[in-house]
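Subject: Structure handover

Dear colleague,

Please find the structure below. My notes on it follow.

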Amino acid sequence: MRAVEVREYGGPEVLKVVETRVPEPGPGQVSIDVAYAGVNFADLKARAEGYRVPKLPFVPGLEVSGRVRAAGAGVTDLTAGQEVAALTGSGAYAEVVVADAAAVFPVPSGVDLRTAATLPTVVPTAYALVHSVGRLRSGETVLVQGAAGGIGTVAGRLAKAAGAGAVYGVVSAAAKVPYARAHGYDEVFVGDFEKPVLAATGGRGVDLALDPVGGEAFQASLASLAPFGRLVSFGNASSAEPWRVGQPELYPRAVTVSGFSILSLAQTAPAALRALAERAFATVVDGTVALPVTAEFPLAEASEAHRLMGARTSTGKLLLRVSGH
């Protein structure tokens, strides 16, 4: 089978198509004939700096849609030929991937495989950020970094649907502002945002801030919180030193900092992940959430997908088209 492999860390050019063996599922796993693989920023960090990579060589990719090829021992609720979406942890840039059955989800009725590929990481993450961890209440204000990206697109829509009083977004370029405004954001800031957010809220700050960037953006998000506000960290795109907060930052305005990683949740609490995914996928079926696929590349052009995402000019979701479906 074909797969995209990384044998050394570096730029998009290190992504190479290779012929390799078809993996077989172990106990509690299934193999999947991949139709589409999602492209995520975590894939770029893995390729460039070894984020969550145990050893070289490796095949990147965290999520797929496709059909079950074979089920391993002990798997009784998934059958060969069944259409599924899966969180893989790695290995998604391939014609066949193995995934833990606990992180493999039947494709909801009425959802095609192309759309299903956008579901495993982005939609449950955004749902958790807004509801399970962020605990957004009607009338509250929200600030989202990366408002034009996949998670930002879904988070904006979910916040609006939850009755947020105002939804503020941050994007990296002015060209992304119209896109973000079309997906639930009342006001969108380009680049620096701490002072504009405080100005927009009359100096109060926001009730909930969602930060995938870390570093200076994390600190600015923390400073943008209202009394009793919550900040949820869900990534470190800046590759800055891990954040640290304590009494000096939390006590003055009684704020809270928490974190979320869907990959970690899949390992530590798979039952919680499944319950989260079920609630999140329902928002796609009922039309609350729609995540546009704004670019699609064949598997052999994975490097071009990485170049596009790395240039920070993309919006919505990027996919790799892997095989016929």
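Which residue in β10 is the bridge partner of Val170? In this predicted model, the partner is Phe189.

Local features need pLDDT of at least 70 and side-chain atom pairs 80 or more, while totals for chains, interfaces and linings use all residues. Residues are numbered from 1 along each chain as its sequence is written, and side-chain values use heavy atoms, without hydrogens and water.

The sheet: β9 (residues 166-171) runs parallel to β10, and four bridges join them. Strands are DSSP runs of E, at least two residues; helices are runs of H or I, at least four; both are numbered from the N terminus. Strands pair if DSSP finds at least two bridges between them. The open sheet has six strands, paired in parallel, in the order β10-β9-β8-β11-β12-β13. Its edge strands, β10 (187-190) and β13 (256-259), each pair on one side only.

Salt bridges: the structure holds 13, each a side-chain nitrogen of Lys or Arg within 4 Å of a carboxyl oxygen of Asp or Glu. Arg2 forms one with Glu95, the closest N and O atoms being 3.1 Å apart. Arg2 lies in β1 (residues 2-6) and Glu95 in the loop between β5 (83-87) and β6 (96-100), 93 residues apart. Glu5 and Arg7 form another, at 2.6 Å between the closest N and O atoms. Glu5 is buried at 13% relative accessible area, whereas Arg7 is exposed at 59% (buried is under 20%, exposed over 50%, partly exposed in between; 1.4 Å probe, protein chains only). Arg114, Glu296 and Arg321 are linked in a network of salt bridges.

Regards
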